[in-house]
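Keep the viewer open as you read.

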Amino acid sequence: MKKALHAALATLLLALPVVGGGQTRAASSLASLETRPEKTAYRETSRYADVVAFMEAVAQAAPRIHLTTFGYTFEGRPLPLAVVGAPDASPEAVRKTGKLRVYIQGNIHGGEVEGKESAQMLLRDLAQGKHADWLQSMVLLIAPIYNADGNERISLTNRGRQHGPIGGMGQRPNAQDLDLNRDHMKLDSPEARSVVKLMNDYDPHVSMDLHTTNGSYHAYHVTYAPPLNPATDPAIIEMLRKEWLPAFTKTIKAKYGWDYYYYGNVSGGGRGRGGRGGGRGQAGRGGPPPVSPPAVQQSPEAQPSGDMRSWATFDHRPRFNNNYIGLRNRIALLSEAYSYATFEDRVLATNRFVDENLDYAHAHVKEIQQLTAGADKRPIVGSTLPVRAELERSPEPVEILMGEVAEERNPYSGQMMYRRVDVKRPEKMYEMGTFRATDTERVPAAYFVPPNLSTVIDRIQAHGIATTTLDAAGTLQIEEFKIEAIELAARPFQNRTERTLRGTWTALQRELPAGTLRIDMTQPLARLAFYLLEPRSDDGLANWNLVDGLEANAEAYPIVRTAK
């Protein structure tokens, strides 16, 4: 069985050159197995061939590690996945264990390489028998190199002032020049379709998405974020913000003396430097990325006053991985290693993020399983959910640890880098780390998609949303969205021109043709279906111009709904 599951990777490996100083896969042993950064004193990051060879080496040495692939990149590279804690790598075998399923993903941005290296080190630890207690209660799904095409576009000038690796790193977007962390709703890339298929097949209870940030000069080795979209099941947010993340943060401080905190960048005020997008902006090939248009709204009371600065998080929209997974009723944890720490320290900081969160998950397996199962069963029909949101400000200022950097020159490129200085300067500022609704909508009993909307149907099915089909035409009492205005974005973003629809739902009778798709809103993925299909959603299919035939002069939204 294991040989069959390895077939895709084995075929690829036969064509790979020998790596690691002449050391073949067959001769490798766990005692001497190193990642490319470890071999080069952290001057270089792993290439795709390095990662695949490393994964095959640990799988050959440890029968508990099973390899498979979960999809392909735009340029056709198989996306490797290691499954640990199940009899084999198949989704069926993983689900049948009854264990907590945890997905760990690195390298969604090809220049943010720490998660890729950390995931390989985790696999080596597991192959050596470390953390055996985890595998009694959890199955780990480990995907070190998600944006494999972007990873291969190595340049010494990618990632701006990041402190190494001085031998270069990959680019932010994939080979289509798409930011994969903006593609979870529209699914324009094969990588996004692959990871959503993984979510449908394996249905992980917990996901970790490992990044590297840049921007404000703060004193945190890692900043992190739970799901930020206010349409997420409230019980998931409450558990993460009141229990999981506070406990995890205290553990990191007690064990290592390092400070981790919620993701943010400084804005406003007049003292020192603010943020530059923090690694969360639009795709770019070099330097810090610009802020993604359209800008996140801020309410007037969320704006800093006078000389008071603010600590603001990134976007709430589910185009981002952690927000998307939250709308699937699952736990999502995003990490951002601090780019001005040394490359070696960033990998170590990411290792600690992963290990301590796995420890927490292992200690709370039943609670997490009950939490996600409860979210799947909790009815939302007739309730009101957000379709648009804005940042909200903390009631009182909080203490944020600011830091300093020193300049160093990359000896090979001559480019100036910033290096973290071990300085902690507490500063009181307002925190804008959560969102509140600016526009809401009632959740219907069902949506109906005409059979000619092939693009919509394709996306709905790719997301794993359950549908049924009307066998015969019939007249139903429905609601139709009458369009009052369609506003187009000033410029394209991620190869699409976003649009905002304004209008109202109106009750009427309509004959729906045979073949019409019905999306029942009592299903587990109802929150995701709602955000995709509501016409006023700020990240739905209408926003991304994916609703067939929805022209600027359209009078009605072609997808209808019913309250009962």
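A quick definition before we start: helices (H or I, at least four residues) and strands (E, at least two) are DSSP runs, numbered from the N terminus. With that numbering, Asn545 sits in the loop between helix 15 (526-533) and strand 20 (560-562).

## The big picture

First things first: this is a predicted model. The protein chain has 15 helices and 20 strands. It runs to 564 residues, and 59% of them count as buried.

How much of the contact list comes from residues 24 or more positions apart? Taking contacts in the protein chain with a separation of 6 or more, such pairs account for 80%.

## Helix 4 against helix 6

Two packed helices are described by the angle between their axes and the distance between the axes. For helix 4 (residues 48-61) and helix 6 (residues 114-127), the axes come within 10 Å and cross at roughly 10°. Angles under 35 degrees count as roughly parallel, so helix 4 is roughly parallel to helix 6. The crossing of helix 4 past helix 6 is left-handed.

Sorted by class, the contact of helix 4 with helix 6 has 6 nonpolar, 1 polar and 3 charged residues.

## Helix 9 against helix 14

Now for another pair. Helix 9 and helix 14 (residues 454-462) pack with their axes 10 Å apart, at an angle of about 50°. Helix 9 and helix 14 are therefore oblique to each other.

Helix 9 brings Arg193, Val196 and Asn200 to this contact, where they meet Asp458, Arg459 and Ala462 from helix 14. The tally by class for helix 9 with helix 14 is 2 nonpolar, 1 polar and 3 charged residues.

Asp149 belongs to helix 8. Buried or exposed? Asp149 is buried, because its relative accessible area is 0%, and buried means under 20%. Its side chain reaches the backbone nitrogen of Glu75 at 2.9 Å, and a polar atom of that Asp149 side chain lies 3.3 Å from the backbone nitrogen of Phe74. Not counting residues up to four places away in sequence, Asp149 touches Thr73, Phe74, Glu75, Arg77, Ala175 and Glu191.

Ser189 is found in the loop between helix 8 (148-151) and helix 9 (190-202). With 1% relative accessibility, Ser189 counts as buried. Its side chain makes a polar contact of 2.6 Å with the side chain of Asp183. Leaving aside neighbours within four places in sequence, the residues in contact with Ser189 are Asn174, Gln176, Leu178, Leu180 and Asp183.

## Met402 in strand 12

Met402 lies in strand 12 (residues 398-409) and counts as buried, at 2% relative accessibility.

Check omega between Gly164 and Pro165: a cis peptide bond joins them, with omega about 5°. Pro165 is in the loop between helix 8 and helix 9.

Asn329 is not a glycine, but has a positive phi of about 70°. Asn329 is placed in the loop between helix 11 (321-327) and strand 10 (331-338) and counts as buried, at 1% relative accessibility. Asn545, also not a glycine, has a positive phi of about 60°. With a relative accessible area of 34%, Asn545 is partly exposed.

Notes
Residues numbered from 1 in each chain as written. Heavy atoms only, no water. Axes fitted to C-alpha atoms, helices over the stretch in contact; angles between N-to-C directions. Parallel < 35°, antiparallel > 145°, perpendicular 65-115°, else oblique. Left-handed = near helix turned anticlockwise from the far one by under 90°. Nonpolar A, V, L, I, M, F, W, Y, C, P; charged D, E, K, R; others polar. Buried < 20%, exposed > 50% of the residue type's maximum accessible area, 1.4 Å probe, protein only. Polar contact = N/O pair within 3.5 Å; in protein donor to acceptor, adjacent residues only side chain to side chain. Contact = heavy atoms within 4.5 Å.
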